[in-house]
Amino acid sequence: MIQLPETTKDIGELLSTAHTEEKQLSRQCLITIAENIQFLARQGLALRGDDDESDSNFMQLMKLRAIHQPQLLNWLARKTDKYTSPQVQNEILSIMALNIVRDISYSIEKAKYFTIMADKVTDSSNKEQVVICFRSVDDQFMCHEDFVGLYVVESIESDMLVHILKDTMVRMNLPITSCRGQCYDGASNMAGRHRGVATQILSEESRATYTHCYGHALNLAASDTVKMNRILRDTLDTALEISKLLKYSPR
């Protein structure tokens with residue numbers, strides 16, 4: 001019968017106490033780096049600066065933490081293996097993002113039923129993106145609306161949008177049979193009677209009731225009200241034309 005020791009160490013640790021201390025120090029510094037990235041991401045602050053990297057939020061926060069962890073200064077003075085490069089920062093951010101999505105997926109699975117919410121938006125580079133959220137109710141009857149991501153799409157046709165919604169549910173391990181609601185705007189590609197997104201989802205799960213987004217409905221009502229007032233109508237039309245000029249101007 002083979003018995004394993006209670007604690008195991010690699011050969012380097014057995015041969016050198018300095019190696020053990022160096023490994024512990026590296027772990028502490030890496031944890032501090034991850035904590036700083038998590039803090040900046042949570043607060044919505046940029047990690048990197050425009051020109052001088054030493055003046056970025058991330059490096060300044062590292063120097064602030066070094067007041068109570070002097071070993072960080074020696075770590076930052078390294079030429080290599082500092083784990084502070086943009087590539088490492090992005091990788092750590094991706095790992096954190098995946099953990100958040102996993103937690104959201106687990107909470108929705110625990111709630112069992114959910115509503116899928118989607119909307120289209122155009123970014124500053126005029127690329128179409130689809131915003132996807134899930135709404136669920138926990139065992140304390142508290143409603144949760146969780147944003148899970150953005151999809152860049154080549155077109156906003158209904159077939160493409162249905163594929164994206166299905167792909168998102170598969171990635172989050174959420175069966176379409178647990179979908180009990182849909183919430184979109186009233187555009188024909190979303191709410192069309194024959195080939196709209198809501199109609200196609202209903203053909204696969206008849207209990208996924210479609211609801212016209214209240215925010216869009218309110219916007220339509222306000223828009224119709226404004227059109228009845230000539231002064232407001234002309235003011236908004238002028239503001240719209242100015243915004244178009246600024247948006248599409250080469251300078």
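This briefing covers the sheet, an aromatic pair, and the pockets and cavity of one protein model. The model is predicted, with local features needing pLDDT of at least 70, side-chain atom pairs counted only at pLDDT 80 or more, and totals for chains, interfaces and linings using all residues. Residues are numbered from 1 along each chain as its sequence is written, and side-chain values use heavy atoms, with hydrogens and water left out. Helices (H or I, at least four residues) and strands (E, at least two) are DSSP runs numbered from the N terminus.

**Sheet**

- Five strands form an open sheet in the order E3-E2-E1-E4-E5, with mixed pairing; two strands pair if DSSP finds at least two bridges between them.
- Strand E3 (143-152) and strand E5 (209-212) are at the edges with a single partner strand each, so one side of each has no neighbour in the sheet.
- From one strand to the next the twist averages 20°; axes are lines fitted to C-alpha atoms, for helices over the stretch in contact, and angles run from 0 to 180 degrees between N-to-C directions.
- Strand E1 (residues 114-122) and strand E2 (residues 128-137) run antiparallel and are joined by eight bridges.
- Within this pairing, Thr115 is opposite Arg135 in E2, and Met117 has Cys133 in E2 as its bridge partner.
- The E1 and E2 hairpin has five residues between the strands, and Asn126 there takes a positive phi near 65°.
- E1 pairs with E4 in the parallel sense over four bridges, and the bridge partner of Thr115 in E4 is Gly181.
- Helix H6 (residues 158-171) lies across E1, E2, E3 and strand E4 (179-184), at about 50° to E2; contact means heavy atoms within 4.5 Å.

**Aromatic pair**

- There are three aromatic pairs in the structure; rings of Phe, Tyr and Trp (its six-membered ring) pair if their centres lie within 6.5 Å, and planes under 30 degrees apart count as stacked, over 60 as edge-to-face and the rest as tilted.
- The ring centres of Phe114 and Phe134 are 5.5 Å apart and the planes are at 75°, so this pair is edge-to-face.
- Phe114 is in strand E1 and Phe134 in strand E2, so the pair ties together parts 20 residues apart in sequence.

**Pockets and cavity**

- On a 1 Å grid over the protein atoms alone, a cavity is a set of points where a 1.4 Å probe fits but cannot get out, and a pocket is an open set with protein on both sides within 12 Å along at least five of seven lines; lining residues have an atom within 4 Å of a point.
- Grid points are joined across faces, edges and corners, and a volume is the space filled by probe spheres set on the points.
- The largest pocket holds about 330 Å³ of space, and its 13 lining residues include Leu98, Val101, Val148, Arg171 and Met172, which lie nearest its centre.
- Helix H5 (86-111), E3 and H6 each supply at least two residues of that lining.
- The second largest pocket holds about 260 Å³ of space, and Gln38, Arg42, Phe147 and Gly149 are among its lining residues.
- H5 gives the most to the lining of the second largest pocket, with five residues.
- One cavity of 30 Å³ or more is found in the whole structure, and the largest cavity has about 40 Å³ of space.
- Ala118, Asp119, Lys120, Val130, Leu161, Leu165, Met190 and Val197 line the largest cavity, with E1 giving the most, three residues.
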